[in-house]
Amino acid sequence: MGGGTFLIGGGWEAAPEVYGPLLRASGGGRIGCVLLDEGDGEEQFARYAAALRAAGAGEGTAVPLPVPLGGRFEPGPLVDGLAGLLVCGGLTPGYQDAFAECAGRLAGLLAERGIPYAGFSAGAVLAARRAVVGGWLADGVPVCPPDTAEDLEEVEVRPGLGLVPFAVDVHAAQWGTLGRLVAAVSRGSVPYGVAIDENTVLAVTGEAGRVGGRGRVHVVHPVETGAARTGTAPGAVVRSYPPGASVPLGQPPLP
């Protein structure tokens, strides 16, 4: 068993490719599935348990760790005996609120015990040091579809778990959320970011990552583009990586 961070952009069509890296890192041990229970927790847990089984997990590998909407996740006793942690999808601001009081302790426990972390959709967003939790407007200007806004108006950044130094957005190609991440990077709300398509995983190791699954990973870095001369806000550059690609994740100096 070893650590690692696995960021999943959502989707249900590529379980072996998407969850395989987590299963290998957890050595076949029990995986805790943290779910924000919005009233359908049992049904949602069943979906993740089935996805893990489809990827090769044994019966009983998935362990439900429900958190009621408005509740708090307490990691101490819950991570005992686990070989992996999967933070699932749902209302992203609700997940951020649930983890807000334990972010530092959780990151420390995972590192100390060598427990790999996987985040699906909201769980992937939460892995960031500064998490883009939703919104669809940047200073009143639309930057992504309103139905992807997570019940927020302006793009909002909140403290995350700090497992990766870059911000994360998800469902990139399917929901059109890449524009939201570009806006957050361009205005300096986050240092740089990664947007992940559905049915796609980014396995992170230090300052590098590898794309798995069926979609692409889009890395967003800031650029000045003459901002100092014109008084305009900095811009951003996007580089996209296909399945199987190695992704440089360190932040390069601004040109």
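Reply: R105 counts as partly exposed, because its relative accessibility is 43%; partly exposed lies between buried, under 20% relative accessible area, and exposed, over 50%, with a 1.4 Å probe and protein chains only. This is a predicted model, in which local features need pLDDT of at least 70, side-chain atom pairs count only at pLDDT 80 or more, and totals for chains, interfaces and linings use all residues. Residues are numbered from 1 along each chain as its sequence is written, and side-chain values use heavy atoms, leaving out hydrogens and water.

R105 sits in helix 5, residues 103-113; helices (H or I, at least four residues) and strands (E, at least two) are DSSP runs numbered from the N terminus. Leaving aside residues up to four places away in sequence, R105 touches E74 and P75, where contact means heavy atoms within 4.5 Å. The side chains of R105 and E74 are joined by a polar contact of 2.8 Å. A polar contact is a pair of N or O atoms within 3.5 Å; within protein, one must be able to donate a hydrogen and the other to accept it, and residues adjacent in sequence count only if both atoms are side-chain atoms. Between R105 and R53 there are 30 Å from C-alpha to C-alpha, at a sequence separation of 52 residues.

As for the whole chain, the protein has nine helices and 16 strands. Buried residues account for 54% of its 255 residues. Of the contacts between residues at least 6 apart in sequence, 72% join residues at least 24 apart. The C-alpha atoms fill a box of roughly 60 × 35 × 35 Å along the principal axes.
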